[in-house]
Structures are given as C-alpha cells and as structure tokens.
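Here are my notes for a first look at this one. Have the sequence and the model open beside you as you read.

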Amino acid sequence: MKKISNLTVYRKFLSIHLRSLMQYKASFIMTLLGQFSGAFSAFLTIYFLLRRFGTVEGYTYQEVLLCFASIYMAFSLAETFARGLDRFPAVIGNGEFDRILVRPRNEIFQVIASKTELTRLGRLLQAIVTFCYAIPASGIDFTPDKILCLVLMVVCGALVFVGVFVIFAFICFFTLEGLEFMNILTDGVREHGSYPFDIYGKEIMTVMTFVVPYTLVQVYPLHYLIGRTDSLLNLFAPLLALVFLIPCALLWKLGVRHYKSTGS
Amino acid sequence: MSEAAKQPSFLHKYLAFFHIRFSAGLQYRAAALAGIATQFFWGFMETLLYNAFWRGDPSAFPMGLQATVNYIWFRQAMLSMFNSWHFDSSIFSAITGGSISMELIRPCDLYAMWLTKSCASRLSRVVLRCMPILVIASFLPAGYGMRFPEGCETAGDVVFALAVTLISLIGSLLVVSSIEMFVYISTFYTLNHAGVRMVYGMVAGFLGGELVPLPFLPDGFYDVLQYLPFAAVQSAPCLIWGGTLAGMDALRTVGLQFIWAAVLIVTGRMWLNRSLKRVVVQGG
C-alpha cells in the first residue's frame, strides 16, 4: 500500500479543524476578537508608557514595538499550530494518547495535528498591524539581511515556544495534569518579552538565556535589526536557539517511554 | 414560640449564601498556589520594568518610584478581587439555561443573593492568595519591594493609611461586584455573554488602570477618570496604599467609592427587577 505523506495527513487534519470551526462562525469571530483585544491592551500599555517616557534603556517606541510584534507573532503561531501540546493533559486524561500510540505515525506529529486553534490568530492580527506601523516608522533600512533577521526572530521564536510546550507535555506524562504556574514561561514571556529582556537586568537575562533561550530570539537579533551591532553572531543567534529543541525532543522520548495509560 | 422566630432573619439568609460560596472558594488551593506564583512573577517583572523607566527619566514619573512599586505589589496581591474577567458561570447558565426559575422560587431577593455570592467568591479567592505575595514583596530590597506608603512618618500615619486602605478595599469589592451584576443582567437581553464580557474587559482595563496605573496615562486623563466607577475598583486602594492619595484626598476617594457602590447597587437592582418582568423560560 502506498504510504501517505505526513503533509497530506496534516492537510486533512487542518481542513477538518477548519470545517468544524466554521460551524460556529459567530463564536469563532467573538473569540478571535477577544484574543485581539487582549493583544491590543498589551499594545496600549506600551503606547502609554513610551509616550510618557520616550525611551527605555535606549530603546525607542518603534524599536520596542518591533520586539513586541515579533514575540507576539512567534507566540501566536506556536499557539495556533501546536495547541495540541498545550491541551496535552486532556489528551492523556481521556485516553486519546492510547489511540495515538497504536497508529502508525509519529506521536508528537499526531498530538500537534490533533488541534489547530485558529482563534489564536487574533493575536497574530495585532502583531501584523503593529509591524505595518513599526517597520516603516522605525527608520531601519530593510536590506535582505535585516529581513532575514526578522524572519528568523519570528520563526525560531515560535519553535522555542513549541519546545516549551513539549516540556510541559513531558511533565504531564508524570503529573497527568497541567501545571498552571508553568505558563510563566509562555504567557509570562509573551507579555513581558514585549520589551527587550535586557531592560529587566542581568539576572533575568541569564534566566531567559540559559533556562529557555528566549533572549537568542529576542534581544540579540533585535540588536542586529536596529543596528546596535553588526555582528553576524547576533543575526544567527535564533538558529543557535534551536539547539534547545534537542533536549526537548529527548525529554519527549523519555516521557513516551514512561507513559502509563490512565485507563480512560 | 411565635411563628416569626422560626423564620430565619433577613440577613441570616444572605450570610448563609456568603458562607457557602466563601468556603467553596477556599477549596481551590492548588489553583491558588499557581495563581500566587504567576501573580508574583508578573509583579516582579513589572517592578523591574518601572525601575528601568525610572533610571531613564525619573522626572516623567507622575508619582514616586516607591508609590509605583507599592501600587504594583498591592494590585498583584489583591488581583483576584479586582479582576474584571472572573465571573460565576452558574449565574450565566441560570440565565441562559432557564434554571433562573428555580432561583426565583426562593424567598430571597435575587439581586442581593447574586451580589452576596459574587462578593464571597471574590473574597475567598483573595484571602487564599494575598498574604504570601504581600509578605514576600515586603522582604524585597528597597525600590523593588513593598513598603509603607510614601509620606508615612509616624506609627499613627501608618495605622491611618492601613485603615483607609482596608475600608477602600471594601468599597472596591462592592463596586466591582455590582459592575459584575450588570454583565449578568445584560445576559437576559443578549443570551450570549462573550461580547459584553470582552467589552467590559477592555473598558475596565483601560479606565480602571489594569494596563498602567491611571496617573501614568497622558496628562489630564487621570483628572477625569478618577471620578468614574472603574477607578473605584483597583486604582483607589492601590493609590492609597502607595501614598499617592493621602489624608483628605484618600478619605474623599473612599467616600466616592461608597457613593458609586450605592448608585450601582440601586440601579442594578432596578434593572434586574425590570428584566425579570419580561423573562420567558422556555420550558425544559
């Protein structure tokens, strides 16, 4: 029998999610607007503070907005497409993972494909609108290397968030329930990472570099983007951050090996 | 014994509702622990952020750094009381699902019952969460940790500020719960609460000082917003405990909070009773 590629399967999943979502259009639009309004509030906070103070640690309003939009875009992409990992406690709790294990596909692929949360694109919308303003207003000359820098920030940022989701899922294998306070490393980073992490001081920089390499997709490439440095190390720092995905993958494997069904 | 003595007193009923909801709220200890960790982290990052702004340009601050830091920690400790996104889902489902008819059978004033439940649930949540945050925040170094309000020199000043803050918190609880009632009552008309909740969240976030403390808004905003009911929720007690509002200003603010509470409760109750006249429960 001909093997169907993962991509085809994923497309099938996506079209199912999309069609089921469209059954509840009004609810979808409301949730989308709700997500947008949350992100808009975050934007307003930056607006009011930077309007009053002008700069923070040398960063201008537009530069902070670039940081805000890139982290929001990375987060919303991760949350939209890897929402299956975010709801992993439910997947384990209701026995869905048992069914996943007997199917001839990679487990993590199935978990990720099991849910696509398109309502989270409300945040993406805020990020896009912000980019539309901040990119021309920042006065940065967007040469190909700067464009690459911004793309790397968003794409690798999203992957780092996915990595953190994988770690949450790994913990779920043992606790069987979500650990609420862990969202410090996701929602917390989304909200407070709207400002470059170096304004919070050295300790936060250390944590956000060595615990989870968020600075590598945020402060360091941002410095390249806004022309504070010409170092190519800063430009390619986001690629370095992807090393973080290796321990995430190993932990996941360990989790799967230790998996005991809840019996549901 | 006379018949009247067997009847529970008027207040007794509502105290019982309060007690039930309050003890139910105290059961969620794991959720409270997670809440404490998150609220603490949020407060910590925010104090660092305002410190960064302070290093840049202290003259642009509308209030002192310590007052700002006090505001942040006090807000984080009391967040589960002030927040505009916590609702009692059983009230929504009573309205949309029709079990409101059961509520109406009870020999109670529906508004008073719901208000009591809402206050109790907010209070139980904050009782579980506030102390650890307040204690840890008090031990953080100066400029980052919580201290007595700015301008308090004698023990008498501190006692006064503490007393006014506590009374102000009661005012906040009444105002935020009575605003919450308006969201419930609007469900009689819309049957879908998502939209109203979203708009309320946005408005309260902006006008109530959830985004930035109200004095940090552009000049002139605070002069107006301080008189609105939204400022009577978190802004009033937090500014009093920061020392930004002291003496007569603090007392005036607290007075205004209670005026708003009275106005909101009276109009909310009137609106609810009007809505109940046209309620149609479609069987089921």
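1. A word on confidence before anything else: pLDDT is the predictor's confidence in each residue, on a scale from 0 to 100. Helices (H or I, at least four residues) and strands (E, at least two) are DSSP runs, numbered from the N terminus. In chain A, helix α5 (residues 88-93) has the lowest mean pLDDT of the elements, 83, while helix α12 (residues 219-225) has the highest, 95. Chain A as a whole has a mean pLDDT of 90, with 98% of its residues at 70 or more.

2. Some housekeeping. Residues are numbered from 1 along each chain as its sequence is written, and chains are lettered from A and ligands numbered from 1 in the order in which they are written. This is a predicted model, so to speak of local features a pLDDT of at least 70 is needed, side-chain atom pairs count only at pLDDT 80 or more, and totals for chains, interfaces and linings use all residues.

3. Chain A has 14 helices and 2 strands. Its radius of gyration is 19 Å, close to the 18 Å that the globule rule gives for 264 residues, so chain A is as compact as a globular protein of that length. (The radius is taken over C-alpha atoms, and the rule is 2.2 Å times the number of residues to the power 0.38.) Along the principal axes, the C-alpha atoms of chain A fill a box of roughly 55 × 40 × 40 Å.

4. How much of chain A is buried? The figure is 41% of its 264 residues. Buried means that 20 or more other C-beta atoms lie within 10 Å of a residue's own; exposed means 12 or fewer, and partly exposed is in between, with C-beta atoms placed from the backbone.

5. Chain B comes to 12 helices and 0 strands. The radius of gyration of chain B is 20 Å, close to the 19 Å from the globule rule for 284 residues, so chain B is as compact as a globular protein of that length. Its C-alpha box is roughly 65 × 45 × 40 Å along the principal axes, and 40% of the 284 residues count as buried.

6. Have a look at helix α4 (residues 65-82) of chain B, which bends by about 50° at Q76(B). The bend is the angle between axes fitted to the seven residues ending there and the seven starting there. In α4(B), 16 of the 18 residues are buried, so the helix is largely enclosed by the rest of the structure.

7. Leaving aside residues up to four places away in sequence, V160(A) touches V212(A), P213(A), Y214(A), V217(A), A241(A) and F244(A); contact here means C-beta atoms, placed from the backbone, within 7 Å.

8. Where do the chains meet? The contact takes 26 residues from chain A and 25 residues from chain B. On the side of chain A that touches chain B, α2(A) has the largest share, 12 residues.

9. E57(A) lies in the loop between β1 and β2 (59-60) of chain A and is partly exposed, with 14 other C-beta atoms within 10 Å.

How values were computed:
Two residues are in contact if their C-beta atoms, placed from the backbone, lie within 7 Å.
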